[in-house]
Amino acid sequence: MTYCKYCGKEVESHAFVCVHCGGKLKEEKPTTVDNPSHLAGIVSCCFPIVGVILYFLWREEKPESAKLVCHWMLAGLGIWFLFYLYGFLLTAFSVRL
Ligand SMILES: [Zn+2]
């Protein structure tokens with residue numbers, strides 16, 4: 001036996017709904033833990049392809065994590081782009097010199 005958190009009356013411990021007041025005692029299905037991890041984000045930043053995979057894996061279950069990974073991935077792509085642009089410019093200039 002346990003007590004209803006809404007009305008304080010005794011209810012069956014396995015009951016999902018209080019028989020006295022109808023208050024929901026337990027969630028019908030456990031919600032998946034969605035605490036965005038910045039570690040996954042940093043990995044996605046270094047390897048944007050990982051970010052793409054994680055984004056599609058998490059899009060349904062963990063929208064917050066998917067969004068975070070997506071932002072990191074875009075930042076990573078930007079950094080890679082600048083890196084290649086810098087390398088390209090260096091090569092272009094060294095060829096001329
Ligand atoms: Zn109750």
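Colleague: How many Å separate the centres of domain 1 and domain 2?

Modeller: Domain bounds come from an automatic or database domain assignment. Here that gives domain 1 (1–29) and domain 2 (31–97), and their centres, taken over C-alpha atoms, are 46 Å apart. Keep in mind that this is a predicted model: local features need pLDDT of at least 70, side-chain atom pairs count only at pLDDT 80 or more, and totals for chains, interfaces and linings use all residues. Residues are numbered from 1 along each chain as its sequence is written.

Colleague: What radius of gyration does the protein have?

Modeller: That radius is taken over C-alpha atoms, and the globule rule is 2.2 Å times the number of residues to the power 0.38. A compact globule of 97 residues would come out near 13 Å, but this protein has 25 Å. Its C-alpha atoms fill a box of roughly 85 × 20 × 15 Å along the principal axes.

Colleague: Which pattern does the protein follow along the sequence?

Modeller: Helices (H or I, at least four residues) and strands (E, at least two) are DSSP runs, numbered from the N terminus. Read that way, you get β-β-α-α-α, so to speak, 3 helices and 2 strands.

Colleague: Why are helix 1 and helix 2 called oblique to each other?

Modeller: Angles run from 0 to 180 degrees between N-to-C directions, with axes fitted to C-alpha atoms, for helices over the stretch in contact. Under 35 degrees is roughly parallel, over 145 roughly antiparallel, 65 to 115 roughly perpendicular, and the rest oblique. The axes of helix 1 (residues 38–46) and helix 2 (residues 48–58) come within 5 Å and cross at roughly 130 degrees, so the two helices are oblique. Contact (C-beta atoms, placed from the backbone, within 7 Å) involves Ala-40, Val-43 and Ser-44 of helix 1 with Pro-48, Val-50, Gly-51 and Leu-54 of helix 2.

Terms used
Two residues are in contact if their C-beta atoms, placed from the backbone, lie within 7 Å.
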